[in-house]
Amino acid sequence: MFGLEALDLARIQFAFTISFHILFPAITIGLASYLAVLEGLWLKTHNDTYRDLYHFWSKIFAVNFGMGVVSGLVMAYQFGTNWSRFSDFAGSVTGPLLTYEVLTAFFLEAGFLGVMLFGWNKVGRKLHFFATVMVAIGTLISTFWILASNSWMQTPQGFEIVNGQVIPTDWLAVIFNPSFPYRLMHMATAAFVATAFFVGSSAAWHLLRGKDNPAIRKMLSMAMWMALIVAPIQAVIGDFHGLNTLEHQPAKIAAIEGHWENKGNEATPLILFGWPDMKEERTKFAVEIPYLGSLILTHSLDKQVPALKEFPPEDRPNSTIVFWSFRIMVGLGFLMIFTGLWSLWLRKRDTLYTSRPFLYLALWMGPSGLIAILAGWFTTEIGRQPWVVYGLMRTADASSNHSFMQMSITLILFVVVYFALFGAGLGYMMRLVRKGPKTDEGKETNDGGPGQKRTPARPLSAADDDHADAGHSLTKEI
């Protein structure tokens, strides 16, 4: 069907499931740190606006965290079901790394998550803040181990192959492989930026609808400060990451640039737009800027960038896809920087919260960070092809021996279940966002007890608060 084989369906299935999964951890990483900052600021300043924002975003964090855990379990199972030959070849490296993630990060998060979500009026303030910080640290530790595993597949080090299997010989070299520091910084920063625009978009939505209060303004202000500071830093990290990729995966860079061949000693131009044709081995309709490719990728005006024709056709990534996925990521990155700079200009003019053109931009930029993460992930993973472990094992040799019919059925089931389950979850999250943070005019919620009003701390109890008069007892504060 459509010229696809069982291997293609296995790759599509993995891409589909990981595309869903990566969105939830990205927001979890950013929101966990955001919550720690909010609670820390509340403890320091006693400004109840920070407390109100903490309660609001902790509900959204809880729902997002749950969906991230569920979607992550599927990823682990796929290594054994659809990619068993890869697991047999490299499981002695990837297996322990994922185990370390569970033992250090997941247990840390699970141990303190209950205190964070349900312990507001049950433990002391400092202990509750400690629990929030531990959950935030846990998300970053999880990122550390996941990126160590993925980076090893991109730039494998610290091993030897014995009887057709990878045997680790130096775990420090395995973990801190050449691309790991750049990927870790790039992904963690991307999570913070994506969360900033998610939060900022939520605030803009409320301001555009006339809901203007200190909590909403603080949301937008903090989000735009994060965008202003972190988005340019992400661009710098991306540049270093690109130089590292040029050193270790030159074919990926050639595919990203749509660069097919070098001419004499001429510097490499930068192709802004075009259509790389894998069959004709050229980039059609190319719009080029002379010398700029060499300047960006080699930081010189005379060095050349490796070209796709320098690699055998069977070793070339699909330039058509990564050429455009990379440009989507970079284009959104420039828009994020622009948004941050515009917010600074409006802040100085004291119109940050009232400029409707800016608020509409902030609203539409809400999903930009997540889209950029997906585009960057596609660039990284498709650009690694045809290797599953770069230079060691081809993707075609890594899959399980499933039939086309088996892969078709499971792929269809995944699509139906994911859209139903996570679509409902995302819809519920958006309902929580639309409600906005509740303010209590500086008054603490009572601790509950006999004869006193007490509302549950469950995130799922928070969506229908508007119907309280109809008999619903719903969450006001955790």
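Modeller: Gladly! Phe273 has its place in strand E3, which covers residues 270–277. Keep in mind that this is a predicted model.

Biologist: Is Phe273 buried, partly exposed or exposed?

Modeller: The relative accessible area of Phe273 is 45%. Buried would need a value under 20%, and exposed one over 50%. Since 45% lies in between, Phe273 is partly exposed.

Biologist: Which residues is Phe273 in contact with, leaving aside neighbours within four places in sequence?

Modeller: Along the chain, Thr283 is 10 residues from Phe273, and their C-alpha atoms are separated by 9.1 Å. The contacts themselves, with those neighbours left aside, are Phe285, Ala286, Val287, Phe323 and Trp324.

Biologist: Now the helices: are H6 and H7 roughly parallel or roughly antiparallel?

Modeller: Helix H6 spans residues 180–208 and helix H7 residues 214–248, and their axes lie 8 Å apart at an angle of about 155°. Angles over 145 degrees count as roughly antiparallel. Therefore H6 and H7 are roughly antiparallel.

Biologist: How many residues of the contact of H6 with H7 are nonpolar?

Modeller: H6 passes H7 in a left-handed crossing. In their contact, nine residues are polar and one is charged, while the nonpolar ones number 21.

Definitions and conventions. Residues numbered from 1 in each chain as written. Predicted model: local features only at pLDDT ≥ 70, side-chain atom pairs only at ≥ 80, totals over all residues. Heavy atoms only, no water. Helix = DSSP H or I, 4+ residues; strand = E, 2+ residues; numbered from the N terminus. Buried < 20%, exposed > 50% of the residue type's maximum accessible area, 1.4 Å probe, protein only. Contact = heavy atoms within 4.5 Å. Axes fitted to C-alpha atoms, helices over the stretch in contact; angles between N-to-C directions. Parallel < 35°, antiparallel > 145°, perpendicular 65-115°, else oblique. Left-handed = near helix turned anticlockwise from the far one by under 90°. Nonpolar A, V, L, I, M, F, W, Y, C, P; charged D, E, K, R; others polar.
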